[in-house]
Amino acid sequence: MELWKQPEIAESYAKNNNITYPAAVAQYVLERLMTSRDNSKLELIVDAGCGNGRSLKWYLPYFHRAVGFDASEFQIDNARKLNKSPKVSYFVGQENKIAVEDGSVDLIIAAGSVHYMNANDFVCECNRVLKQNGMVAIYNHEYCELIVDDQPTQVTQRNEKPKFVSGFDIFDTFYQQPVKNYFSRENHPNFDDLCCYDHLYSEISGMKKEKKNGPTLDYYLSLKEFKDHFLSEPAYKKHHKLFPENSAPLNVMGQKLKCLSNTPELKDEELRLKVTVLLHVIFLSKY
Ligand SMILES: C[S@@+](CC[C@H](N)C(=O)[O-])C[C@H]1O[C@@H](n2cnc3c(N)ncnc32)[C@H](O)[C@@H]1O
């Protein structure tokens, strides 16, 4: 968590918008919220570990008031700069003291953040601030496919379908597994994030809980953007810095993906990828 507090992390996080949670995720969560309640108005939403507010923004039209908190003052500075809506306020804070009144919140979201928190403190505060018919949605994502254009520099003949090949095994073997092993060795909270919150889910008590597979999401991006996505997160960046450039798993993976596309000399900016992720969601509600 300390690593998140550095200003340069907030800066690169703000620049990196290639794999973020889109409006479809908010729709999925809101549909679930609405099935569990009557037509009562949605008043207040809280975003726990809101970063620069890029997940919270999708929910704003549906709520009268929104509050985002984050442990990093630099993320909160960015959130304030990026979101000027009068209905949203941001504060620097942590899961053990959510600065809203008891029983006042309709929905608490936590996008890719709860694994950095103390789960007990978070659940305890959720129980305190949530309305009786309120809901918590904790989410993260799992990589499930990565497609590479296998001849990106050749002009496609008329009627000839572009050829795409799966580079998922390369991603998994040369990047995801080494990172997972590193997080496991370091006992780093990101390990549970990569394990789809199985540990977090088993730890949660004191609220009704349910773990669901949400929608799959497709992202079209270059190899450079894909790499930058990981490098904008402190734990992945720290892992990357352990290696000389040529043997860093992120770069080894990149080179192998280029070879798969038959263009080993291509620049990272030029190799196009389609990355598919599966959303994992833990829903909590009050007993
Ligand atoms: C992966 S980012 C996700 C940010 C945002 N939810 C989003 O969807 O882009 C994780 C965020 O959790 C914040 N964070 C880490 N530990 C925290 C804690 N104990 N309390 C509040 N925020 C925390 C970090 O500063 C960072 O902004």
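The largest nonpolar core of this predicted model has 64 residues, and Val46, Ile108, Ile109 and Ala137 have the most contacts inside it. A nonpolar core is here a set of buried Ala, Val, Leu, Ile, Met, Phe, Trp, Tyr and Cys residues joined through C-beta atoms within 7 Å. Buried means that 20 or more other C-beta atoms lie within 10 Å of the residue's own; with 12 or fewer the residue is exposed, and in between it is partly exposed, the C-beta atoms being placed from the backbone. Strand β5 (residues 130–149) supplies the largest share of this core, 8 residues. In soluble globular proteins, nonpolar side chains tend to be buried together.

Residues are numbered from 1 along each chain as its sequence is written. Local features need pLDDT of at least 70 and side-chain atom pairs count only at pLDDT 80 or more, whereas totals for chains, interfaces and linings use all residues. Helices (H or I, at least four residues) and strands (E, at least two) are DSSP runs, numbered from the N terminus.

Isoleucine 109, one of the core residues with the most contacts, touches Val29, Ile45, Asp47, Ser55, Tyr59 and Ala137, leaving aside residues up to four places away in sequence. Contact requires that the C-beta atoms of two residues, placed from the backbone, lie within 7 Å.

On to the next strand, valine 67 stands opposite serine 89 in β3. Strands β2 (residues 65–70) and β3 (residues 88–92) run parallel and are joined by 5 bridges. Strand β2 is largely enclosed by the rest of the structure, because 5 of its 6 residues are buried.

Together, β2, helix α3 (residues 73–82) and β3 form a right-handed β-α-β unit. Right-handed means that, with the strands pointing away from the viewer, the path from the first strand over the helix to the second runs clockwise. Within α3, Phe74, Gln75, Ile76, Asn78 and Ala79 are buried. The buried residues of this helix pack against α1 (7–15), β2 and β3.

Glutamate 43 lies in the loop between α2 (23–35) and β1 (44–48). With 14 other C-beta atoms within 10 Å, glutamate 43 is partly exposed. The residue touches Phe63, His64, Arg65 and Asp106, not counting residues up to four places away in sequence. Glutamate 43 and phenylalanine 63 are 20 residues apart along the chain, and their C-alpha atoms are separated by 5.2 Å.

Lysine 286 is in the segment after β8. Its 16 C-beta neighbours inside 10 Å make lysine 286 partly exposed. Lysine 286 touches Asn127, Leu130, Gln132 and Met207, leaving aside residues up to four places away in sequence. Lysine 209 is 77 residues from lysine 286 in sequence, and the two are 9.0 Å apart in space, C-alpha to C-alpha.

Around the ligand there are 19 residues, of which Trp4, Gly49, Gly51, Ala111 and Tyr116 come nearest. A residue is near a molecule if its C-beta atom, placed from the backbone, lies within 6 Å of it. The shell divides into 8 nonpolar, 8 polar and 3 charged residues. In this count Ala, Val, Leu, Ile, Met, Phe, Trp, Tyr, Cys and Pro are nonpolar, Asp, Glu, Lys and Arg are charged, and the others, Gly among them, are polar.

Two asparagines remain. Asparagine 187 has a phi near 55°, a positive value in a residue other than glycine. The residue is in the loop between α5 (168–185) and α6 (190–194) and is exposed, with 7 other C-beta atoms within 10 Å. Asparagine 262, likewise not a glycine, has a positive phi of about 65°. The loop between α10 (249–260) and β8 (272–285) holds asparagine 262, which is partly exposed, with 16 other C-beta atoms within 10 Å.

Methods. Two strands pair if DSSP finds at least two bridges between them.
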